[in-house]
Amino acid sequence: GQTRARIRAAAAGLLDDQGSPDAITFKRVAAAAGVTEMTVYRHFPTREELLRGIWEHLNAQMPGSVGMPDTLAALIAQHDDLYAGFDRDPAPIIASVTTPQGREMRAALNPQRSKAFQAIARGIAPQALPRQRRRLAAILQLLHSAHAWLSLREQWGMDGPEAAAATRWAIDALVAAAAAREMVPATSVGQRSALSAASPRSSAL
């Protein structure tokens, strides 16, 4: 409802408040949202749920296609929109990566994020060893994240579209490598073809 959305927005607004780990408290969120502390607790009973609420707010500002992908097709379909969304309102995105409370918010999503990207890795490399799939999942997640966007923005001066093209190229190369090398034993031509079909055309850098 509207009250929940107002609380989420108020909490997100505290993300870059001087980088203090204490910036996001129930008391401060309540004051910023213009509601009582009890109201905040009613909508977000724990700090972890409040931090997840911040992620929900940031995610809601993104184009409609952006969410937590759990297939390669879903990741590719939303990749450009994700980076465009980062460019649209960079301040809270940068705060989510660089401030203690932002990192705490992101850490609250680690189990969900890990599960989703492990599922993507299994779809790409079903025959790979667990540790190989974990590495594949980790690199895919990094390339599809605010960390990669911020690094390319600050170190290379790339805007969202260029950073999206660069990371999309890397994702395509990684998927192709996973299909071609020993990570996925070539047990059949059909299996190789299926993996190739799952990897969309590379975009030019």
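Start with the largest cavity, which holds about 320 Å³ of space. This is a predicted model, where local features need pLDDT of at least 70, side-chain atom pairs count only at pLDDT 80 or more, and totals for chains, interfaces and linings use all residues. Residues are numbered from 1 along each chain as its sequence is written, and side-chain values use heavy atoms, with hydrogens and water left out.

A cavity here is a set of points, on a 1 Å grid over the protein atoms alone, where a 1.4 Å probe fits but cannot get out; lining residues have an atom within 4 Å of a point. The volume is the space filled by probe spheres set on the points, which are joined across faces, edges and corners.

Helices are DSSP runs (H or I, at least four residues), numbered from the N terminus. The lining has 12 nonpolar, seven polar and two charged residues (Ala, Val, Leu, Ile, Met, Phe, Trp, Tyr, Cys and Pro count as nonpolar, Asp, Glu, Lys and Arg as charged, the others, Gly among them, as polar).

Rings of Phe, Tyr and Trp (its six-membered ring) pair if their centres lie within 6.5 Å; planes under 30 degrees apart are stacked, over 60 edge-to-face, the rest tilted. That rule gives three aromatic pairs. Jump to F26 and Y41, whose ring centres are 4.0 Å apart with planes at 5°, so this pair is stacked. F26 sits in α2 (26–33) and Y41 in α3 (37–43), so the contact ties together parts 15 residues apart in sequence. F26 is buried, at 11% relative accessible area, while Y41 is partly exposed at 36% (buried is under 20%, exposed over 50%, partly exposed in between, with a 1.4 Å probe and protein chains only).

Now for the pockets, each an open set with protein on both sides within 12 Å along at least five of seven lines. The largest has about 220 Å³ of space; select its lining residues, among them N110, R113, F117, R134 and Q141. Helices α8 and α9 (130–143) each give two or more of them.

Last stop: the second largest pocket, about 190 Å³. Pick H57, L58, Q61, D89 and P92, the closest to its centre of 12 lining residues.
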